[in-house]
Amino acid sequence: MKLLTLLVLASAMNWAATVAECDGHRKHGRKQPAFDCYLALTSSKDMAVVAEGFWGLKQFKAANDAFRKAQDANPKSADVRVRWGMMFLERFQKKDAADLFTEALELKKDDARALLGLAIVASESYEEKAVETAREALKQDPKLVEAQELLARMALEDGNETLAKEEADKAIAMSAEALNALAVRATIEWLNDRPGTEWSDKILKINPVYGQAWALAAHFFVINRRYEEGILLYRKAIAMEPELWDAKAELGVNLMRLGRDKDAREFLEDAYSHEYKSASVVNTLTLMDSYKNFVRYQTPVTDVRLHKKEAELLKPFFETELLRAIATYEKKYKMKLPNAVRLEVYPDHDDFAVRTMGLPGLGALGVTFGTVVAMDSPSGRKPGTFHWASTLWHELNHVFVLTATEHRVPRWFAEGMAMHEETAGNPEWGDRLDPGAIDAIKKKKLLPIATLDRGFVRPSYPNQVTVSFFQAGKICDYIKERWGFEKLLEMMRGFAARKTTVVVVEEALKMKPEDFDKDFMVWLDKQVGKTVAGYDEWRKNLKIIADNFKEKQYDEVIKKSKAIRDLYPDYVEAGNIYEFLADSYTEKGDKAAAAKELLAYAKIGGRNPATLKRLGKLLEEQGNPKEAAAAYERINYVYPVQDEELHTRLGLLWLELKEPSKAVLEFSAAVASKPMDPTVAYFNLAKAFRAAGRKDEARDNLLSALESAPGFKPAQKMLLELTDK
Amino acid sequence: MRALVLLLLAAANSFGAAWFVTISGLGGEAEYDTRFAGWATDLDKAVRGVPDAQVHTYSGKLATRETLRKAFADFATKVKKEDTFTVVLIGHGTFDGVEYKFNIPGPDFTAAELAGWCDKIAADRQLIVNTTSAGGASIAALQKPNRTIISATRSGTEKNATLFARYFVEAFRDPGADTDKNEVLSALEAFRYADLKTVRFFETMKRLATEHAVLEDTGKGEAVRNPAPDNGKGLAAARFPLMSLGNAQKFSPEKQQLVEKKQDIEGQIDKLKYEKAAMDLAEYRRKLGSLLVELAKTQEELDK
């Protein structure tokens with residue numbers, strides 16, 4: 001309805017409405033009275049009331065104008081700013097909202113509703129301060145039921161059902177019609193596979209069309225990775241309230257996550273066309289538009305989608321690794337997946353980030369939704385900063401663990417298993433012990449196993465998510481080492497049977513979680529205690545070593561580096577001891593010693609392509625083609641892109657080592673790298689095919705070599721040899 | 001095309017000299033001065049190995065407009081019709097919306113002035129490689145039939161210092177630049193080599209590309225990023241020999257028949273490649289295979 005028509009209608013109404021009355025109608029699902037009521041508000045002389053009227057009518061632009069006028073008329077009003085901010089929040093403009101709440105607090109110190117607004121803003125990013133701000137709001141206004149409801153919601157987001165119930169009950173005690181608190185109570189029941197009708201009936205009695213309760217429940221299912229159930233709940237919410245655009249948008253996003261593109265687009269476009277243009281809607285639609293740029297490769301168990309600019313190059317690496325990981329996990333976890341794994345690889349990190357938007361504690365490199373895995377391409381990251389194969393194994397492990405448990409698994413266990421598997425197959429893979437984890441161990445910031453999930457969802461210090469990944473992985477390493485891998489499977493089955501971490505630990509490990517924590521810390525201390533204790537000394541000496549190196553005091557560098565190298569052997573980032581040693585040995589002409597240090601770097605998990613290449617060259621010079629090939633091959637799992645030289649060099653080594661199939665893979669990669677010299681690249685590939693006994697493919701590639709260079713004599717010679725035979 | 005190239009190469013090698021005029025301009029900063037002079041020196045060294053090369057390199061204070069004007073006037077008296085004549089500009093260029101200028105000590109020279117100097121050169125095959133910033137703005141003034149223009153930038157608005165020259169010079173040293181393996185580096189091959197390396201530099205560094213090289217070799221129309229039969233560009237550049245990478249083979253009169261046969265097969269291959277788009281791929285590969293085997297056998301006979 002046009003604004004003018006609304007105004008005419010509003011002026012015709014001769015009864016005086018209040019905002020509270022209108023909100024009451026809406027809260028009880030009385031749509032037409034609510035509409036009439038809000039319409040009446042728009043004829044008020046008070047612009048703040050007019051703004052509320054337009055907001056209630058979803059006329060956001062008019063409401064915004066009215067709020068501005070209200071503020072001009074009453075520049076010292078904190079209330080106007082708070083309400084205006086709340087509208088901004090509804091229109092996904094968090095920063096503007098936060099600014100208004102902050103301004104309100106400057107005008108009226110400790111304004112409870114302004115504090116509530118800031119708490120909501122923080123809660124949307126799962127920030128720790130959201131809880132304390134909500135508590136502060138309640139302190140200022142103990143009757144502020146929305147703040148109490150927010151606390152209930154955040155407790156449930158943290159996975160603390162007991163606290164969530166307590167907080168929700170407090171809200172219900174404050175107001176029997178605290179719909180969102182009732183929704184939290186209902187959600188707890190649903191999450192535990194109970195009907196929850198005692199709560200849903202109450203909700204429906206208050207408001208028979210309160211779809212938001214089901215949308216709220218859907219949110220919890222999604223953040224617990226129970227996407228299918230989340231989708232069903234969103235559908236129910238929309239069926240009750242067809243104009244619940246945020247639920248439609250979320251439904252679209254989650255359908256996209258599960259690869260149901262057609263349905264996803266329908267809901268997203270519907271939301272978009274009704275002016276619900278949140279960042280997630282816009283970005284998801286943009287991402288889906290980019291799908292046309294992806295090439296799809298399918299096998300019975302895989303569905304790999306790669307960007308066309310790098311598809312040919314990456315396909316053999318990703319498909320091979322995915323198939324290998326599936327076969328390994330099928331054997332280890334004694335199960336088959338219900339359908340093919342869809343793997344999407346994004347060269348643009350922003351595209352990948354769209355997939356994880358709004359979800360707390362997910363990996364920054366890869367993400368899993370059911371049997372859909374999305375991850376960064378190595379080309380989207382700085383060389384050496386991303387081990388794509390490790391990430392692939394990590395994410396694929398989620399597919400197995402989530403499938404095995406029907407998504408009923410705490411975050412710590414899912415991430416712990418995935419971290420454990422990264423290094424189980426190859427100790428060089430996976431994350432190294434980083435300074436953040438060392439600091440957390442030193443300051444005793446690791447969480448008890450029973451509450452470890454909180455470290456993923458609502459971190460209380462900046463790198464707590466990363467530390468929690470590390471801790472969860474080490475816990476699984478520890479369980480495997482002490483009780484064997486079967487125990488991890490038993491725990492997984494416990495989670496599948498809907499048991500909590502406490503119960504699973506007690507039943508499977510036969511000990512209290514608190515005792516487990518103690519034993520684990522003793523074990524961890526044996527693993528990393530030396531590093532934690534020696535970290536400060538190591539760091540101090542590393543700086544001195546760097547200075548010595550700058551001053552070309554290579555003997556000093558070697559002496560000091562050897563003394564501290566084993567204090568923190570996991571450190572393989574820029575300025576690591578291994579490279580200082582290798583550089584110093586090189587300067588002194590001792591290439592063998594340099595190679596030895598770089599080999600140690602590679603074996604501990606060093607993955608800078610330039611350093612690994614240097615190692616490969618040194619080993620080649622020393623007449624060790626096997627180790628040289630192994631050094632170069634490590635780069636394939638880190639940065640196989642934009643490096644035809646790597647693939648050519650490795651291909652030649654494989655030929656020398658009589659490994660023609662591996663040579664075929666490398667020379668194929670060289671050809672797919674759009675080489676500077678395609679003739680030689682095709683010729684090399686032909687040589688590899690010939691060595692592998694695949695003469696037709698050898699001939700085919702010779703033709704490709706000679707097509708651009710008909711007079712290339714080595715290729716001509718081989719063509720005649722193949723033709724004669 | 002290839003047979004024709006060989007014939008032209010043979011003609012060039014037998015009868016014409018290869019003129020290389022490299023001009024390195026002002027860097028503005030010491031770093032750029034060093035870089036530009038270094039590339040010019042490297043190019044100078046690389047082309048001195050070309051048979052019958054006439055190499056003239058102007059760097060720093062030597063590269064004034066008056067010196068260059070006189071030099072080109074002198075070249076005009078010496079360069080013959082059958083010679084090849086290559087000019088390479090290394091440095092900074094500017095474009096004020098009307099006129100392109102190459103930055104040198106003293107007054108700069110314009111694209112129009114350079115065109116005027118080159119117009120007096122008799123060589124039927126000319127190549128101007130403008131590796132400077134804003135070089136795209138020089139193309140219109142420089143283009144004419146029988147002259148290939150390569151520019152590191154596609155327009156006068158690409159004003160950042162360029163990298164193209166570094167890779168263009170590298171093409172003279174990297175055997176991989178000779179992609180058709182005929183042991184001759186053509187202007188088209190050097191262009192493609194430098195362009196690909198430049199593109200990769202920006203990709204690897206994850207930086208927005210600030211230069212986009214183009215080529216124009218027909219004397220009319222726009223310069224293009226990807227010279228190819230479908231846009232009609234690249235034929236003359238492919239025929240323009242920059243440097244021989246091997247020794248020219250001498251054949252006895254009795255083998256001349258084989259040489260002619262070889263050239264005939266190469267001609268058939270070129271023709272077939274032009275028909276590729278309209279052919280069934282399997283049929284194309286079959287015919288290509290037959291011709292390539294025939295060519296290989298002929299070459300084997302020639303090499304005996």
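Reply: pLDDT is the predictor's confidence in each residue, on a scale from 0 to 100. This is a predicted model, and chain B averages a pLDDT of 90, with 93% of its residues scoring at least 70. Over residues 1-14 of chain B, however, pLDDT stays under 50, and for this stretch the model has 24 contacts beyond four places in sequence. For the complex, the predictor gives an ipTM of 0.74 and a pTM of 0.80.

The part to examine lies in chain A, where helix α16 (residues 245-257) and helix α17 (residues 261-273) have axes that come within 8 Å and cross at roughly 155°. Since angles over 145 degrees count as roughly antiparallel, α16(A) and α17(A) are therefore roughly antiparallel to each other. Their crossing is left-handed. On the side of α16(A), the contact is made by W245(A), K248(A), A249(A), L251(A), G252(A), L255(A) and M256(A), and these meet D261(A), D263(A), A264(A), F267(A), L268(A), D270(A) and A271(A) of α17(A). Sorted by class, the residues of this contact comprise 9 nonpolar, 1 polar and 4 charged.

G230(A) belongs to helix α15 (residues 227-240) of chain A. Leaving aside residues up to four places away in sequence, G230(A) touches A218(A), F221(A), V222(A) and N254(A). With 25 other C-beta atoms within 10 Å, G230(A) is buried, because a residue counts as buried when 20 or more such atoms lie within that distance. The C-alpha atom of G230(A) is separated by 41 Å from that of E573(A), which is 343 residues apart from G230(A) along the chain.

The crossing of α10(A) and α11(A) is left-handed. From α10(A) the contact draws on V145(A), Q148(A), E149(A), L151(A), A152(A), A155(A) and L156(A), while α11(A) contributes E161(A), L163(A), A164(A), E167(A), A168(A), K170(A), A171(A) and M174(A). The residues of that contact divide into 10 nonpolar, 1 polar and 4 charged.

As for the chain that holds these helices, chain A has 38 helices and 5 strands, and its C-alpha trace spans about 100 × 60 × 55 Å along the principal axes. Of the 725 residues of chain A, 51% count as buried. Among its contacts between residues at least 6 apart in sequence, 55% join residues at least 24 apart.

Chain A also meets chain B, with 19 residues of chain A in contact with 23 residues of chain B. On the side of chain B that touches chain A, α7 (187-204), α9 (256-275) and α10 (281-303) of chain B each supply at least two residues, and the largest share, 10 residues, comes from α10(B). By class, this side of chain B has 8 nonpolar, 6 polar and 9 charged residues.

Methods:
Residues numbered from 1 in each chain as written. Chains lettered and ligands numbered in written order. Predicted model: local features only at pLDDT ≥ 70, side-chain atom pairs only at ≥ 80, totals over all residues. Axes fitted to C-alpha atoms, helices over the stretch in contact; angles between N-to-C directions. Helix = DSSP H or I, 4+ residues; strand = E, 2+ residues; numbered from the N terminus. Parallel < 35°, antiparallel > 145°, perpendicular 65-115°, else oblique. Left-handed = near helix turned anticlockwise from the far one by under 90°. Contact = placed C-beta atoms within 7 Å. Nonpolar A, V, L, I, M, F, W, Y, C, P; charged D, E, K, R; others polar. Buried ≥ 20, exposed ≤ 12 C-beta atoms within 10 Å, placed from the backbone.
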